[in-house]
Amino acid sequence: MSRINGKAALVTGANRGIGRAFVAGLLKAGAAKVYATARNPQTLDDLVKEGNGKVVALALDVTRPDMIAEAARNADVALLVNNAGIAAFEGLISAKSSEPAREEMETNYFGLLNMVRAFAPVLARNGGGAIINLSSIAGQVNFPALGSYSVSKAAVHSLTQGIRAELSGQGTQVLGVYPGPVDTDMAANLPMDKTPPSAVVDNILQALEAGEESVYPDPASQELHGGLLADPLAVERQVGQMLPG
Ligand SMILES: NC(=O)c1ccc[n+]([C@@H]2O[C@H](COP(=O)([O-])OP(=O)(O)OC[C@H]3O[C@@H](n4cnc5c(N)ncnc54)[C@H](OP(=O)(O)O)[C@@H]3O)[C@@H](O)[C@H]2O)c1
């Protein structure tokens, strides 16, 4: 049975980048309804207009537990896409303060944690459903140029493993996503080949439908993942040459 076709889904950070591509990808895969959420819901106006009644805009800042509770009351979904995220591009030692690292944890880790806690009962009511968590290949090996971001994405990876076990009893599929560089605002200053967000989303949704538990949705992450399986310390040394600054 499809995890998407005929189902309702919610996407965080849906106004741009990978989140925006998720809205289009879910509609293409037959979603009955997509709750597109953003801190500023006016940035979703065109998605709602193009959605032919299937896209519903909701205001949601994932660092606000009150807004998360409101979203969980209003959005009766079988699929939750935890996409919203921030990146400070700071080293762990060279950063001038710990504040950017704290903000990354608030959004990338605690925001996501509060989302899955609020939506677990909603998914259970809908037969178990599925959760897609956007970690990063940087969550599996620390990129020092993005040192504190890598830590927050490693936390997302660990959370993904933990909730997969805790939610297995209610039949929720939990898909961890570990992209390399994707062509969005977040990666705008990275001087390397980037995969278009639509291609990344197509691969993620295929993995979801195939019942997978993790996906490396682009060539760069697939190559690094292969390296991590073969020789994790060699990959650590390789990406460790890209220092902050
Ligand atoms: N791009 C990459 O190379 C790459 C690689 C691996 C993983 N990822 C992950 O993929 C996800 C999407 O990234 P992206 O490349 O699409 O980034 P992006 O273009 O910078 O978009 C980030 C999205 O997250 C939203 N957001 C940030 N803080 C939020 C908050 N507190 N509450 C709700 N929404 C919030 C932003 O909303 P506003 O418009 O309001 O700021 C925006 O919609 C992130 O989790 C990122 O870490 C990206």
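# Space, surface and salt bridges

Modeller: The largest cavity holds about 40 Å³ of space. The model is predicted: local features need pLDDT of at least 70, side-chain atom pairs count only at pLDDT 80 or more, and totals for chains, interfaces and linings use all residues. Residues are numbered from 1 along each chain as its sequence is written, and side-chain values use heavy atoms, with hydrogens and water left out.

Colleague: What makes a space a cavity, and what makes it a pocket?

Modeller: The work is done on a 1 Å grid over the protein atoms alone. In a cavity, a 1.4 Å probe fits at the points but cannot get out. A pocket is an open set, with protein on both sides within 12 Å along at least five of seven lines. Points are joined across faces, edges and corners, and the volume is the space filled by probe spheres set on them.

Colleague: Which residues line the largest cavity?

Modeller: Thr12, Val62, Asn82, Asn83, Ala84, Thr107, Gly111, Leu112 and Met115. Each counts as lining because it has an atom within 4 Å of a point. H4 gives the most, with four residues. Helices (H or I, at least four residues) and strands (E, at least two) are DSSP runs, numbered from the N terminus.

Colleague: How do the residues of that lining divide into nonpolar, polar and charged?

Modeller: Four are nonpolar, five are polar and none is charged. Nonpolar means Ala, Val, Leu, Ile, Met, Phe, Trp, Tyr, Cys or Pro; charged means Asp, Glu, Lys or Arg; the others, Gly among them, are polar.

Colleague: What lines the second largest pocket, and which helix supplies the largest share?

Modeller: The lining is Tyr109, Leu113, Val116, Arg117, Ala120, Leu159, Gly162, Ile163, Glu166 and Leu167. Helix H4 (99-125) and helix H5 (147-166) each supply at least two of its residues. The largest share, five residues, is from H4. Seven lining residues are nonpolar, one is polar and two are charged. The pocket has about 160 Å³ of space.

Colleague: What makes Ile93 exposed?

Modeller: Exposed means over 50% relative accessible area, buried under 20%, partly exposed in between (1.4 Å probe, protein chains only). Ile93 has 81%, so it is exposed. Ile93 sits in the loop between strand E4 (79-82) and H4.

Colleague: Which residues form the nonpolar patch on the surface?

Modeller: Leu92, Ile93 and Val151, with about 330 Å² of accessible area together. The area is from the Shrake-Rupley method with a 1.4 Å probe; for residues, only the protein chains shown count as cover. Patch members have over 30% relative accessible area and no salt bridge; nonpolar side chains (Val, Leu, Ile, Met, Phe, Trp, Tyr) are joined within 5 Å, like charges within 9 Å.

Colleague: What is the phi of Asn52?

Modeller: About 50°, positive although Asn52 is not a glycine. Most residues other than glycine have a negative phi. Asn52 lies in the loop between helix H2 (45-50) and strand E3 (55-59). Its relative accessibility is 71%, so Asn52 counts as exposed. Phe89 also has a positive phi, near 50°. Phe89 lies in the loop between E4 and H4. At 36%, Phe89 is partly exposed.

Colleague: How do you know that Asp46 forms a salt bridge with Arg20?

Modeller: The rule is a side-chain nitrogen of Lys or Arg within 4 Å of a carboxyl oxygen of Asp or Glu. For Asp46 and Arg20 the closest N and O atoms are 3.0 Å apart, so the pair qualifies. Asp46 is in helix H2 and Arg20 in helix H1 (residues 17-28), so the bridge ties together parts 26 residues apart in sequence. Both are partly exposed: Asp46 at 32%, Arg20 at 25%.

Colleague: How many salt bridges does the structure hold?

Modeller: Seven. Among them, Asp66 pairs with Arg64 at 2.8 Å, N to O. Another is Asp76 with Arg125, at 3.6 Å. Asp76 lies in the loop between helix H3 (65-74) and E4, and Arg125 in H4, so this pair ties together parts 49 residues apart in sequence. Asp76 is partly exposed at 43%, whereas Arg125, at 58%, is exposed.
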